[in-house]
Amino acid sequence: MASQRIAVTGATGRVGRHVVDVLHEWGATVVPISRAHGVDLITGEGLADALTGVDAVVDAATAPSPEGASGFFSAATRNLQEVGARAGVQRLIVVSIIGTDRFGPGGLGDYYVAKVEHEQSALAGPIPARILRAAQFHEFVPQLVEWGTHGDVAYVQNMRTHVVAARKVAEALADLAVDPGSAPAPPGTPILEIAGPREENLLDLAVLLTARRGMPLHVEAVSDPSDPNSEVFESGGLLPGPYATLAGPTFEEWLEAEVALARS
Ligand SMILES: NC(=O)c1ccc[n+]([C@@H]2O[C@H](COP(=O)([O-])OP(=O)(O)OC[C@H]3O[C@@H](n4cnc5c(N)ncnc54)[C@H](OP(=O)(O)O)[C@@H]3O)[C@@H](O)[C@H]2O)c1
């Protein structure tokens, strides 16, 4: 394993940075990919050099804003597949989202529709690909609160979720990346899923976060009954299936550790 060379896109992101750390700890040679590292997945700048001699790619990049997701994923995946195949990359491991195929276009649903396009373009080859669908990351809750804050109120979608630590998702991605038999998926196997230890409601997580971080915000859950995607969030469309891997810590344990670290 120590001789494997693995590229990680989104290497500065919430989950990608952990994939880089885990692979380093396991003794792999890691090629971090992001614009901060001088590689652009959309223009292709620096990509051929970055993928030279690479055995596997973990794709953990995403568009700078959710609105640009559709064009981003199709262009980035096409470039990874084309340039990676020329470089001899053996497998592509893609992180997606549990329940993403339950959403329709419009509003927040557009990002999930784009993730399905992402999965399909990765699986179209030529490099064999494997999808790991994850629940929302613990690390994503602060972002959702920030996006929803207007004045002193944070509006969050009424959402059932099974939040998971990005580090646990990263370990699962790294496991697939170093396994020469991980891609393609064996025929008939369900799509891999990873989630946290228990179901939560985003409102409770946001209240906990703002309280523990001392943020002077009132948190409110929002729901649009005329939006069919609201129904998916509220009815458990993002929850894992029976074959999912469930991994701690809980959001509260993760938050306590983060607050303690910030104080030390
Ligand atoms: N967030 C969640 O809760 C969650 C849950 C399940 C699955 N996922 C999936 O996990 C993946 C990563 O999400 P995340 O939240 O970790 O992302 P993130 O923190 O927003 O990080 C995005 C990464 O993509 C890179 N990037 C953006 N544009 C780029 C470009 N043109 N070329 C090269 N790199 C570029 C960024 O680096 P630069 O800006 O330096 O380029 C950054 O490293 C996504 O596919 C997402 O759908 C996320």
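Author: A residue is buried if 20 or more other C-beta atoms lie within 10 Å of its own, exposed if 12 or fewer, and partly exposed in between, with C-beta atoms placed from the backbone. The model is predicted: local features need pLDDT of at least 70 and side-chain atom pairs count only at pLDDT 80 or more, while totals for chains, interfaces and linings use all residues. Residues are numbered from 1 along each chain as its sequence is written.

Reader: Is A7 buried or exposed?

Author: A7 counts as buried because 29 C-beta neighbours lie inside 10 Å. A7 is part of strand β1 (residues 5-9); strands (E, at least two residues) and helices (H or I, at least four) are DSSP runs numbered from the N terminus.

Reader: Which residues does A7 touch?

Author: Two residues are in contact if their C-beta atoms, placed from the backbone, lie within 7 Å. Leaving out residues up to four places away in sequence, A7 touches V31, I33, A50, L51, V54 and V57.

Reader: At what angle do the axes of helix α1 and helix α6 cross?

Author: Axes are lines fitted to C-alpha atoms, for helices over the stretch in contact, and angles run from 0 to 180 degrees between N-to-C directions. The axes of α1 (residues 16-25) and α6 (residues 166-178) cross at roughly 55° and come within 8 Å. Angles under 35 degrees count as roughly parallel, over 145 as roughly antiparallel, 65 to 115 as roughly perpendicular and the rest as oblique; α1 is therefore oblique to α6.

Reader: Which residues make the contact?

Author: H18, V19, V22 and L23 of α1 meet A166, R167, A170, E171, L173 and A174 of α6.
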